[in-house]
Amino acid sequence: MKYISTRGKAPALNFEDVLLTGLAPDGGLYVPESLPKYSKEQIASWSSLSYTDLAFQIIQPFIGGCIPDDDLKAIIDDTYVDFRHPAIAPLVQLDRNEWVLELFQGPTLAFKDFALQMLGRLLDYVLERRHQKVVIMGATSGDTGSAAIQGCKRCSNIDIFILHPYKRVSEVQRRQMTTVVGDNIHNIAVKGHFDHCQAMVKASFADQSFLPEDRQLVAVNSINWARIMAQIVYYFYAAYAVGAPDRSVSFSVPTGNFGDIYAGYLAKCMGLPIEQLVVATNQNDILHRFISGNTFEKHELQHTLSPSMDIVVSSNFERMLFDCYDRDGAAIADLMKRMDTETVSIPSTAFAKVRELFDSHGVDDEATVETIASVYDASEYLLDPHSAIGVKAARECRRDTATPMITLATAHPAKFPEAVMKAGYPSAPALPHHMSDLFELDERYEVVENKLGDVHAFIAANIRA
Ligand SMILES: Cc1ncc(COP(=O)(O)O)c(C=O)c1O
Ligand SMILES: N[C@@H](CCOP(=O)(O)O)C(=O)O
């Protein structure tokens, strides 16, 4: 298996090299040169596998022989041992043919754990084998950061630097990052918003001269292909539970950086019968506006009750557009440049493909709170604000009620007490037992101006020899 850049000008890499990078040198994102495609019979043959056995079947072809099968199996098994539910990704029924897939049963209470607990183990394995040390630089709106720190904290070959927007993540999210002790772990609170943090990470891949000569940057954001790969698995797993592949299934996905829903799109390309893929956004609705009207226009970032999705520029949309442009790297490079500075529409043939693949809906704070309240009233099920956006969008976009509609519940409500209490829930939802001392632990983080030079200086001063 080889990986190529969406901008067509970078050398193809194998899995191990793609794991140890972020953006391609031409500024693009790596994608598999070709995807494995499975028949209905092949997909049916995996329907009774455990989560980890299914993960092995889905992931193994993407590794392209870089990791022996037995070692890969051990990594996958170990990844999910700390998940609190035996099903790993349990499905909960809200109504007739309406479900939520709980992706928050991992150690840091968000869907990011599915990929980042695996990424940490994959990196540890590969770096030990290569006797190599790397620097991780990641941007977070709250959830990627804690999952990445949790996944990488024991890796002696990694120094990890996580940038979060100062005062713009929930207190639980901040403490999940800043209370983890380790001289290889650094939290940087940038006086800006998530897009500033993400832009700094991307710019750093283009010029790594701030690092010592023997180090390279590795991404933990979903620009890293390995993140996407691990997220494909739960689409298959959930679909089996509601009758696939004999029956089609639809998914609604709370969307920010477009990584999670892109994994769903890949599952569909691999043969899973997916009827609808609903892109559910908050008020930062650039994707909803684009999908519904073919106008890509950046608005100012808005701070919402679903802060993890307070994102303007969605990294992974480029991977999607690459396919809609028949994998024309030069055209994507030009489009991306224009999307940076102008309002853009894409040619009707490419847009028709986008429309065929996705439905979308934008949900404001008021509707988010209403959805949390109405679902709780109807079924005593407490949604976090991001998952509530998914449920609301699913209800708005659903084409038929005969097809099961699964909303990805991307975070635990205890991470976002403000939104949940606005919806009438009487108190802050309890944190799971393993986090019960979160508010008693000391925090450590550095507040830094929104300047790339200041961030680089902090990183350079804190990399271990
Ligand atoms: C809780 C939560 N839900 C949804 C999302 C959106 O996922 P994606 O960025 O993969 O679109 C994020 C982060 O981006 C998140 O943290
Ligand atoms: N919501 C994310 C933002 C970063 O997205 P990623 O999936 O590209 O890492 C977060 O919680 O940090």
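This is a predicted model: local features need pLDDT of at least 70, side-chain atom pairs count only at pLDDT 80 or more; totals for chains, interfaces and linings use all residues.

Q: Which residues sit on which side of E11?

A: One side has Phe 358, Ser 360 and Gly 362, and the other has Asp 359 and His 361. Every one of these is buried, which leaves both faces covered. In general, side chains of a regular strand alternate between the two faces of the sheet.

Q: Switching topics: what's the strand order in the open sheet?

A: The order is E8-E5-E6-E7-E13, 5 strands with parallel pairing. At the edges are E8 (217-218) and E13 (446-448), each pairing on one side only.

Q: Which helix packs on that sheet?

A: Helix H8 (residues 194-206), which touches E5, E6 (158-165), E7 (185-190) and E8. The direction of H8 makes about 150° with that of E5.

Q: How many bridges link E5 and E8?

A: There are 2, with E5 (residues 134-139) and E8 running in the parallel sense. Ile 136 is opposite Val 218 in E8.

Q: Now the ligand. How many residues surround ligand 2, and which are closest?

A: 13 residues surround ligand 2, and the closest are Thr 140, Asp 143, Thr 144, Asn 221 and Ser 222. Helix H6 (residues 143-152) gives the largest share of that shell, 3 residues.

Q: What's the shell around ligand 2 like by class?

A: It has 12 polar and 1 charged residues, and no nonpolar ones.

Q: What about Arg 395, where is its place?

A: Arg 395 is in helix H16 (residues 385-397).

Q: Why is Arg 395 called partly exposed?

A: Because Arg 395 has 18 other C-beta atoms within 10 Å, and buried would take 20 or more, exposed 12 or fewer.

Q: Last one, the whole chain. How many helices and strands?

A: The protein chain has 18 helices and 13 strands. Its radius of gyration is 21 Å, close to the 23 Å from the globule rule for 465 residues, so the chain is as compact as a globular protein of that length. Of those 465 residues, 51% count as buried.

Note on methods
Residues are numbered from 1 along each chain as its sequence is written. Chains are lettered from A and ligands numbered from 1 in the order in which they are written. Two strands pair if DSSP finds at least two bridges between them. Helices (H or I, at least four residues) and strands (E, at least two) are DSSP runs, numbered from the N terminus. Two residues are in contact if their C-beta atoms, placed from the backbone, lie within 7 Å. Axes are lines fitted to C-alpha atoms, for helices over the stretch in contact, and angles run from 0 to 180 degrees between N-to-C directions. A residue is near a molecule or strand if its C-beta atom, placed from the backbone, lies within 6 Å of it. Ala, Val, Leu, Ile, Met, Phe, Trp, Tyr, Cys and Pro count as nonpolar, Asp, Glu, Lys and Arg as charged, and the others, Gly among them, as polar. The radius of gyration is taken over C-alpha atoms; the globule rule is 2.2 Å times the number of residues to the power 0.38.
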